[in-house]
Amino acid sequence: MLRATVVGATTAGMGLLARAAWGIPTALGASRADIAQVAGDSPRFAEGTFHNTQPGGELRPVNPLAIIAAMLSRGDTGTPSGPVPVAVPHFPTVADQLAVTWYGHSSALIEIDGRRVLVDPVWSDRVSPSPVIGPKRLHPVPAGLAELPPVDVVLISHDHYDHLDLPTVRELVRTSPAPFVVPLGVGAHLRAWGVPAERVVELDWGGQARVRELILTCTEARHFSGRGLARNTTLWSSWVIAGPQHGVFFGGDTGYTPSFAEIGARFGPFNLTLLPIGAYNDQWPDVHMNPEEAVRAHGDLGGGLLVPVHWATFNLAFHEWSEPVRRLLAEAERADARVAVPMPGERFVVSDPPERDWWSAIS
């Protein structure tokens, strides 16, 4: 009987390991050699990796095991005290002149001058190469991909799992003809996953692509990339979305950089900015902005309305769940900056932003 119990436990454990490992090689994406074929000519690419313009600051040594232990022992820190309210978006037949629907984290559908731009779409339950291990959603996806209205273009900021999601990409390829516009090297992942080459546009910082009436400019960010052990083999970016009448800035995932002022001077002012405010920590100050830095970046960019992203959906740091938005609103009041905080799934026209507090009750 003991032997049967041990065999059964071993079999169950092996089954769990097999399920955890299922699909990981594919999710890791393209090989370094395939990526280098398109990345090698970039002035930002040297010795096999991309580099930030502004190097990171000096940090005390980080013990990876200590970080893992802190993650495992943080308990409920970073999670809401109750269910996160979610709205089901409803869309007009024709895209608005300026509207946004936030799906959680950095995923949003931007309507600009009658066109629709889907940014960093992540519909999976976990942001990980494994379907059973890794950060899990704190709220459900507001609506399925099949419920999206027609999309004109998909923008990706970089290849981290919480911004580039293999199952979502495959579903979009199946259900939408929209092209993918991505930073250098990220296209190699897409092609490895079956995205037709003619639907992939790869750009270096400063590169531009036109999709119908929109001009999309790949702009600088201060971050890093990588889906496996190798880092920085693909480029990371922010995006300028320029229509005939309006301008939007999507920050993707970034630390604060003086380049925001340069982007604002060249392409701004912007009617709308979507900027990351969460997953910050003193151990990695140069790759994720804190809320005060997001307000500063919004000012540098000449932003009109600031919509915070990169918070509320996945627990990726050690701060309290609602701390980013509380700090953001306090700093925005001090700086006289306009901010709108939609709940996940909420669609709104930028000229009529939401003002209710939906987060305090579950903080």
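Visitor: Which residue in S13 is the bridge partner of phenylalanine 249?
Guide: The model is predicted, and local features need pLDDT of at least 70, side-chain atom pairs count only at pLDDT 80 or more, and totals for chains, interfaces and linings use all residues. Residues are numbered from 1 along each chain as its sequence is written, and side-chain values use heavy atoms, with hydrogens and water left out. Strand S12 (residues 247-250) runs parallel to strand S13 (residues 270-276), joined by three bridges; strands are DSSP runs of E of at least two residues, helices runs of H or I of at least four, both numbered from the N terminus. In S13, phenylalanine 249 has as its partner threonine 273.

Visitor: How many residues of strand S3 are buried?
Guide: Buried means under 20% relative accessible area, exposed over 50%, partly exposed in between (1.4 Å probe, protein chains only). Strand S3 (residues 98-104) is mostly covered, and the buried count out of its seven residues is seven.

Visitor: Which residue in the turn of the S3 and S4 hairpin has a positive phi?
Guide: S3 pairs with strand S4 (residues 107-112) in the antiparallel sense over six bridges. Two residues lie between S3 and S4, and the one with a positive phi, about 55°, is histidine 105.

Visitor: How is H8 placed relative to H9: roughly parallel, roughly perpendicular or oblique?
Guide: Helix H8 (residues 291-301) and helix H9 (residues 323-335) have axes 8 Å apart and pack at about 40°; axes are lines fitted to C-alpha atoms over the stretch in contact, and angles run from 0 to 180 degrees between N-to-C directions. Angles under 35 degrees count as roughly parallel, over 145 as roughly antiparallel, 65 to 115 as roughly perpendicular and the rest as oblique. The angle therefore makes H8, relative to H9, oblique.

Terms used
Pairing = 2+ DSSP bridges.
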